[in-house]
Amino acid sequence: MTDIATDPLSPLGHSLLKLHAGKAYALLTLPVAHAGSPDARAVLEMLHPDQLLATPVKNQDEADAMLAGLWLYHDMLEPSHLISQSLRTASGSLWHAILHRREGDFSNARYWYRKAPAHPMLAVIGNNVALAINPLPADKSLLRLLRNTWDPCAFVDLVEEITDNPADPRLPTAQMIQRLEWQLLFDHCTRQAAGH
């Protein structure tokens with residue numbers, strides 16, 4: 001979100017995104033290898049989803065989904081899982097899928113991605129991934145991510161392959177895609193929570 005006048009994310013929400021940005025806690029690990037940031041945990045444990053918006057919440061499920069995403073952003077899987085598992089929405093299913101992919105439960109991640117095949121952000125993620133990988137050298141394993149549109153299950157397959165080989169040259173690209181996916185879904189949930 002670039003226009004501060006129309007940005008519904010609260011200052012507290014922005015500060016949580018800046019906390020540890022660019023470090024291990026900012027979606028750089030594909031499977032999560034640590035317990036996350038104690039600083040972020042202290043803030044998130046006291047946080048109610050309504051505090052994430054500078055405007056009144058119009059869609060509580062999407063506000064809850066934002067909180068699930070923030071726990072995931074800071075590599076704390078259990079609290080994120082409790083929230084996403086309780087949501088009966090397409091956004092909840094996507095956060096649930098991302099969570100399982102990040103914990104290395106790849107078959108469960110595929111299951112949850114299949115629960116939200118019509119989520120509007122899948123096409124947006126696909127378009128953004130296509131733009132991001134277009135200048136890279138041709139690689140069939142990256143092209144399969146975009147068969148007809150974004151294929152999140154193919155991304156799960158790629159992450160699973162990379163997990164078994166941490167020296168894989170595709171790791172930085174997969175990390176970039178993971179951050180892009182997170183950001184686009186979080187922004188979507190923020191707009192929806194605010195009623196935009």
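Q: What order do the elements run in, from the N terminus on?
A: They run α-α-α-α-α-α-α-α-α-α. Keep in mind that this is a predicted model.

Q: And how many helices and strands is that?
A: The protein has 10 helices and zero strands.

Q: OK, overall shape. What radius of gyration does the protein have, and what would a compact globule have?
A: The protein has 16 Å. A compact globule of 196 residues would be near 16 Å, so the two agree.

Q: What does the C-alpha trace span along its principal axes?
A: About 45 × 35 × 30 Å.

Q: How much of the protein is buried?
A: Buried residues account for 50% of the 196.

Q: What about contacts between residues at least 6 apart in sequence: what share join residues at least 24 apart?
A: The share is 66%.

Q: Can you show me a pair like that? Where does Glu103 sit, and how far is Val32 from Glu103 in space?
A: Glu103 is in helix 5, which covers residues 90-103. Val32 is 71 residues away from Glu103 in sequence. In space, their C-alpha atoms are 5.7 Å apart.

Q: Now pick something in helix 10. Where is Thr173, and why does Thr173 count as buried?
A: Thr173 lies in helix 10, residues 171-193. Its relative accessible area is 13%.

Q: Which residues is Thr173 in contact with, leaving aside neighbours within four places in sequence?
A: Ile133, Leu136 and Leu142.

Q: Switching to aromatics. How many aromatic pairs are there in the whole structure?
A: A search finds five. One of them joins Trp150 and Phe155, and that pair is tilted. The centres are 5.7 Å apart, with 45° between the planes.

Q: Are Trp150 and Phe155 buried or exposed?
A: Both Trp150 and Phe155 are buried.

Q: Which residues form the aromatic cluster?
A: Tyr73, Trp95, Trp182 and Phe186 form one cluster.

Q: Last topic, charges. How many positive and negative ones are there, and how far apart are their mean positions?
A: The protein has 16 positive and 21 negative charges. Their mean positions are 4 Å apart.

Key. Residues numbered from 1 in each chain as written. Predicted model: local features only at pLDDT ≥ 70, side-chain atom pairs only at ≥ 80, totals over all residues. Heavy atoms only, no water. Helix = DSSP H or I, 4+ residues; strand = E, 2+ residues; numbered from the N terminus. Rg over C-alpha atoms; globule rule 2.2 N^0.38 Å. Buried < 20%, exposed > 50% of the residue type's maximum accessible area, 1.4 Å probe, protein only. Contact = heavy atoms within 4.5 Å. Lys, Arg positive; Asp, Glu negative; His and termini not counted. Charge placed at Lys NZ, Arg CZ, Asp CG, Glu CD. Phe/Tyr/Trp six-rings, centres within 6.5 Å; stacked < 30°, edge-to-face > 60°.
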